[in-house]
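Have a look at it, then read on.

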Amino acid sequence: MRLSPVVVDPAVSVPLFFAALGVAASCFLLSLLMPLRRSDGLLAGPDPQLQLAIEAVRSGTWQPAADLLAAAGDDAERVAHYTKHLSYVAADEGDAWVTAWREARPDDSDAVLVAACARVKRAWLLRGGQPARFTSPRQFGDFHHELHAAHMALERAALLRPDDPTPWAEKAAVARGLGFSHGEMAELWAEVEARSPYHFGAHLAALQYFCSKWCGSRAEVEEFAARASRSAPRGSLLTVLPLLAWFEEVDLRGESAGLFGTPEVVALVDAALDDVAEAGGHPNQPEARHLLAYFLLRQRRYRAALEQFRHVDGYTGAIPWRYSRWGKVTYRLCRARALWGALLTRR
């Protein structure tokens with residue numbers, strides 16, 4: 001039997017062709033945005049020198065870490081950034097390399113600082129990330145014991161580094177854990193401001209202290225964030241603080257439904273976008289980009305969110321993903337949602 005040729009109406013075939021082409025293009029873009037590689041859960045963005053130092057200390061070699069901090073010199077933001085990540089590795093993966101460093105160079109203030117900060121990080125690991133009602137008395141005992149020891153170690157680091165705000169910034173994490181009074185916190189904060197009044201890492205640590213889940217309230221943390229952002233120069237990233245305060249006090253408490261697109265929150269995001277654009281070279285710029293990507297996605301500003309994701313792709317060591325048990329998965333889902341939103345709505 002001879003079959004008749006199938007005639008396809010161009011009015012149908014042409015739209016179908018372009019629809020298929022669009023799906024193929026979407027899949028291609030999605031594959032570019034979500035490469036099949038392992039995400040880095042420690043860092044917030046690429047930092048080749050820091051990454052080389054971390055690889056070295058993981059193999060037990062401390063010299064690259066020492067060289068990295070020595071090269072940072074008087075750059076307080078970079079010293080704090082490097083110290084934070086090196087101390088995380090020491091606390092979480094083993095600190096034999098820090099011990100070897102201190103034995104080789106007993107008077108090296110960089111080694112003393114990293115060791116002290118590692119004790120702070122270790123204390124918080126001992127406590128765990130659960131709310132107080134799910135934390136055992138033994139965990140609290142170990143946590144407070146290690147925090148007291150960390151505080152003493154930071155005192156020594158501060159003596160060896162009189163002009164460096166990093167030990168004082170770390171003390172803010174101790175203050176939060178030990179429940180320092182507001183008066184004690186004010187004295188500590190005066191030491192930070194005397195050394196580096198626009199230090200991002202120190203402000204981030206202090207903001208956590210003033211959150212209602214720790215030692216403050218929503219009003220206090222919002223006032224702290226607003227005051228810091230008002231006086232800060234462009235490029236300092238301190239305009240990110242009001243966003244962080246809102247995230248902590250509204251979004252994490254499940255009260256953000258329908259509020260991301262309000263004029264107030266949009267204005268906060270726009271101010272932070274301008275700040276990030278001026279912050280080239282700031283070591284904490286990737287952390288700010290992660291938070292902005294999340295807020296822009298929730299505001300359905302998909303293309304702007306994708307621009308932020310593009311800069312930090314492959315890294316998830318930042319808020320908000322760090323707060324999630326499935327942070328890497330959450331990051332990928334949000335990134336994919338931003339892509340599809342940009343493709344479907346052209347926003």
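## Rings and charges

Let's start with the rings: Trp246, Phe247, Phe260, Tyr294, Phe295, Phe309, Trp321, Tyr323 and Tyr331 are linked by ring pairs into a cluster. Rings here are those of Phe, Tyr and Trp (its six-membered ring), and two of them pair if their centres lie within 6.5 Å; planes under 30 degrees apart count as stacked, over 60 as edge-to-face and the rest as tilted. Keep in mind that this is a predicted model, where local features need pLDDT of at least 70 and side-chain atom pairs count only at pLDDT 80 or more, while totals for chains, interfaces and linings use all residues. Numbering runs from 1 along each chain as its sequence is written, and side-chain values use heavy atoms, with hydrogens and water left out.

By the ring rule there are 18 aromatic pairs. One of them is stacked: Trp97 and Trp101, 6.4 Å centre to centre with 20 degrees between the planes. Both sit in helix α5 (residues 96-104), four residues apart, about one turn of the helix; helices (H or I, at least four residues) and strands (E, at least two) are DSSP runs numbered from the N terminus. Trp97 is buried at 3% relative accessibility, and Trp101 is buried at 0%. For the record, buried means under 20% relative accessible area, exposed over 50%, and partly exposed in between (1.4 Å probe, protein chains only).

Tyr209 and Phe210 make an edge-to-face pair, 5.0 Å centre to centre with 90 degrees between the planes. Buried or exposed, what are Tyr209 and Phe210? Both are buried.

Rings meet charges too. Lys171 has its charged end over the ring of Trp168, 3.7 Å from the centre, and Arg176 does likewise over Trp214, at 5.3 Å. The rule is that NZ of Lys or CZ of Arg is within 6 Å of the ring centre and within 35 degrees of the ring normal.

## Salt bridges

Side chains of opposite charge can pair when their charged atoms come close. How many salt bridges does the structure hold? There are 21 salt bridges, each being a side-chain nitrogen of Lys or Arg within 4 Å of a carboxyl oxygen of Asp or Glu. Here are some of them:

| Pair | Closest N and O atoms |
|---|---|
| Glu223 and Arg230 | 3.9 Å |
| Arg234 and Glu278 | 3.3 Å |
| Asp313 and Arg335 | 1.8 Å |

Arg234 lies in the loop between α11 (218-231) and α12 (241-251) and Glu278 in the loop between α13 (263-277) and α14 (285-298), so this pair ties together parts that are 44 residues apart in sequence. Arg234 is exposed at 58%, and Glu278 is partly exposed at 47%.

With Asp313 in the loop between α15 (302-312) and α16 (327-345) and Arg335 in helix α16, that bridge ties together parts 22 residues apart in sequence. Asp313 is buried at 14%, and Arg335 is buried at 1%. Elsewhere, salt bridges that share partners join Asp95, Arg119, Arg122 and Glu146 into one network.

## A look at Ser39

Ser39 is in the loop between α1 (10-33) and α2 (48-58), and it is buried at 9% relative accessibility. Its side chain makes a polar contact with the side chain of Arg332 at 3.4 Å. A polar contact is a pair of N or O atoms within 3.5 Å; within protein, one must be able to donate a hydrogen and the other to accept it, and residues adjacent in sequence count only if both atoms are side-chain atoms.
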